Amino acid sequence: MAKARLVGDRTNKVMVQAMERRSTDVRGRVFQISLLVTLLVSLFILAVLIVDVVMDGWGILTGRPGGFLGGTMRSLSDDPKLGVHQALVGTFWIAVFVAVLAFPIGIGAAIWLEEYAPKNRFTRFIELNIRNLAGVPSIVYGLLGLFLFVNHLEGVTGGKSIASAGITLAILVLPIVVITAQEAIRAVPQGLKEGAYGVGATKWTMIRSQVLPYAAPGILTGTLLSMSRGIGEAAPLLLVGAVSGRLGRDSGFFDFGDINADAFMAMPVIIVEWVQNSGRDPGFAEAAAAAIVVLLVFVILMNATAIFLRNHFENKRG
Amino acid sequence: MRLQKLLVLIIGLITTFALVAAACGNDDDDGAAAPSTSEQQSSGSDAQPAPAGTVSGSVTISGSSTVEPISVRVAELFEDVQPDVAVTVDGPGTGDGFKLFCAGETDISDASRQIKDSEAEDCAESGVEWVELRVGIDGIAVMTGESNPVECVTFNDIYGLVGPESTGFGSWSDAGSLGLATSDLPDADLDIYGPGEESGTFDSFIEIVLEDIADERGQDATTRPDYNANADDNVIIQGIQSSDTSFGWVGFAFAANASGVKLLDVDGGDGCVGANANTIASGEYPVSRSLYIYVNKAKAEASPAVSAYVDFYMSDEGLGTAVADVGYVNLTDEAKGATRANWAGR
C-alpha cells in the first residue's frame, strides 16, 4: 500500500510540474531523434551497398537477363554464354537440403529441449554447446563435411557433390534453427498450455494443437533467416567440391540424378570466383555484381515467402 | 507524432522496395525458365546431326589457378567441336592438384611449375604414369615512366622497391638501405602501381621475384602493403604513365600493347634482358615461368574424351588461340612442336 501511494505521489508531482512549466521533454526528444539517426545510418549503408551493386551489374541485368540466368561459367567476361545457371541450380538444391534436413531436426530438438527435457546439468550442458556451435566459424563445418560426408560417406553422398554440400550447410545452420525455435516455443503463454491440459489434452495433443500453432510464426522467421545465412556461405563449399574454373555439366533444377554427381557450383562461390577473375579480366567485376543481385533477389524471395507464411499463421492464430 | 509518421513512412518505403524487388525477381525467374529450357533443347538438337567421330564422356582437371583459365578456354573452344564431352576444371593450386592427380582422382593436372620429385614419387607409388606438356608462358612486365633514366633492375632492386621490408620507402634510392646488393638507383620519388592480392599476376610476381629473397631474409613472401593496388590493368598502366619515376608491373600480354610506359630490363642473375615475346618464349627474360599440363597416360588411353581434349589442346586453337585469349604468352613454334612431340610420343 505504502509503495503504491509513493508512486502515486510521484506521478502527481510530474503531472503538476508538466502543467505548470509547460516545458517540453527535451531528453526524451533527444533520445527519440538519436534512435531515428541509428535507423537512418543502417538504412543508408544498406542503400549504398544495394545501389552500388545494382549499378555495377545493371548492364548485364538489363542487357541479357535471360542469357545471364541461363548461362554457365566461362573464362572470358564478354562471352555471351556467361551466366549463373549452374550456380543457381546448386544454391537451389542446397536450400532444399537445408529445409529438408535442418528444419525438422532442429525444430524437433527444440521441442524436446523446451517441453520434454528435464532441467538438469546434462540438458544445460547440451544447450550451452548448441549455443557455442552457433558461433563456430563456417570453415570448420567445411572441414567436418570434407572428413565425414566427402571421405567417409562417399557411397551415400557421391563424394564431392551437391549432397555433401547440402548436408554440410544443413548442419551449419542446425544450431541456429534450434535456438530460434526454442525462443519461439518459450514465448508460448503458459495459460494456453494449462488450458489444454485443463480440458484433458495429453502432452502430445497440447504441443500439436497449442504450442506449435502459436510458435509457428516465430519458428518460421528463425528458420528462414538461418537458411538465408546458409545459402550465402562460400568457404565450406570450397572444401566439399565447389569448382572454381568450369563445371562440365549444366543440370536443370529437377535433375535428381545429379545431386550426388561429382563437383558442383553455388552462387556465393561464383561471386568469389568472378571477383578474383576481375584481376585478369576486369569485365568480371560487372558479372560478379550482377550475380550478387541475383543472389539478393533469391534471398528476398525466400524471405518474402517466410513473411507470407508467417502472416498466414498469425491470422490463423487470431 | 511527426517522428512516428516519419518512421511509418520509412518502414513503408522499405516494404515497398522489398515488394518491388520481389516482383522483379519473379519476372527474372520467369525469364530464366524459358531461355534455359530452350537452350537445353537446342543443345540437344545440336548433338543429333553431329559428324561421325564424336566422342562423349567427361574430363576432370584440377591444379594451378594460373593455368586454370587456359584449360577452361580450351574446354570452351572444344565444346563447339565435341559438345558431348563434359570438362570440369578446378583450381586449388599446383600442389593440391598433384595430390589429386597422383591419387588417380583427376585426368589432367594444371601446373605453374614442373612436378617435384616428392610428387613424382607419390605418382609412381600409386602407379600413375604421366606425360608433361608445356602449354604457355606467364610473363610479367616490370615498368616505369617513359623518361625515367633507370634501364635495368635486378631481383634485389625489385625486392628493395616493393618487397615486404620496403614499407614506407618513398624514393628509389631507399632500396639500397636493406643491405642487399642493389644497382645504383636515383634519389627520385617512388610511385608504385600493381595488381591487388586477388590477381593471379600478384601471386606469380611474388613467386618468381620476391619469394626466394624473402625466404632467405626470413620474411613473409608478399609485397609491401602501401602501393596503389588495382584489379584493372588499364588503371595500373595509367598510374605508371602519370609519373616519370613510377614503378609497376602487369601481365606481359597486356603491357606489350601499352604506350607511354617504359618496360624495364630485368637481371635475374644472367645480365639484363628486355621483355619481348621472344625473350619470354625462350625463357631468357627472368620474370616469366612456363605453364604445364600433366596428363594421366592410362586415363588418356582408356578415355576417348580425355585424349580428344588433349589432342585439341595441342592444336593451334589450344596452344595458340586459347593461351592468348586469357592473357598468356604463346610458346615459340619450336617449343609448340616439342610439346606436340611429347604428346604424340607418350
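I began at Ala263(A), which is found in the loop between helix H11 (235–239) and helix H12 (267–277) of chain A; helices here are DSSP runs of H or I with at least four residues, strands are DSSP runs of E with at least two, and both are numbered from the N terminus. Before going on I noted that this is a predicted model, in which local features need pLDDT of at least 70 and side-chain atom pairs count only at pLDDT 80 or more, while totals for chains, interfaces and linings use all residues. Residues are numbered from 1 along each chain as its sequence is written, and chains are lettered from A and ligands numbered from 1 in the order in which they are written.

**Entry 1**

Is Ala263(A) buried or exposed? Ala263(A) is buried, because 25 other C-beta atoms lie within 10 Å; the cut-off for buried is 20 or more other C-beta atoms within 10 Å of the residue's own, for exposed 12 or fewer, with partly exposed in between, and the C-beta atoms are placed from the backbone. I then followed the chain into H12(A), which is mostly covered, with nine of its 11 residues buried. Among the buried residues of H12(A) I wrote down Met267(A), Ile270(A), Trp274(A) and Asn277(A).

Next I checked the length of helix H8 (residues 162–186) of chain A: its 25 residues should span 36 Å at 1.5 Å a residue, and its end C-alpha atoms are 35 Å apart, which agrees. The expected span is taken as 1.5 Å times one less than the number of residues. Where does the kink in H8(A) lie? A kink of about 40° lies at Val173(A), shortly before the proline Pro175(A), the bend being the angle between axes fitted to the seven residues ending at a residue and the seven starting there. H8(A) is mostly covered, and 23 of its 25 residues are buried.

Val173(A) came up again when I turned to the largest nonpolar core, where it is one of the residues with the most contacts, together with others including Met267(A), Ile270(A), Val142(B) and Tyr309(B). This core has 163 residues, and H8(A) gives the most to it, with 17 residues. A nonpolar core is a set of buried Ala, Val, Leu, Ile, Met, Phe, Trp, Tyr and Cys residues joined through C-beta atoms within 7 Å. Looking around Tyr309(B), I found that it touches Val59(B), Phe78(B), Val85(B) and Val87(B), leaving aside residues up to four places away in sequence; a contact means that the C-beta atoms, placed from the backbone, lie within 7 Å.

**Entry 1: the strands of chain B**

Chain B has 13 helices and 12 strands, and 42% of its 346 residues count as buried. I started from strand E4 (residues 130–145) of chain B, in which 13 of 16 residues are buried. E4(B) pairs in the antiparallel sense with strand E12 (residues 288–296) over nine bridges, where two strands count as paired if DSSP finds at least two bridges between them. In that pairing Glu132(B) has Tyr294(B) as its bridge partner.

E4(B) also pairs in the antiparallel sense with strand E8 (residues 246–251) of chain B, over five bridges, with Ala141(B) opposite Val250(B) and Met143(B) partnered by Gly248(B). Three bridges join E4(B) to strand E9 (residues 261–263) of chain B, again antiparallel, and there Gly145(B) stands opposite Val261(B). How many residues of E8(B) are buried? Six of its six residues are. Strand E6 (residues 191–194) of chain B runs parallel to E8(B), joined by three bridges, with Ile192(B) and Phe247(B) as one pair of partners.

I also found an open sheet of three strands in the order E5-E10-E11 (chain B), with mixed pairing. Strand E5 (152–154) and strand E11 (272–273) stand at the edges with a single partner strand each, so one side of each is left without a neighbour in the sheet. Asp267(B) stands opposite Cys272(B) in E11(B).

**Entry 2: confidence**

The mean pLDDT of chain B is 82, and 85% of its residues reach 70 or more; pLDDT is the predictor's confidence in each residue, from 0 to 100. Over residues 13–52 of chain B the pLDDT is below 50. Where pLDDT is low, the predicted coordinates should not be read in detail. For the complex the predictor gives an ipTM of 0.80 and a pTM of 0.77.

Conventions
Two residues are in contact if their C-beta atoms, placed from the backbone, lie within 7 Å.
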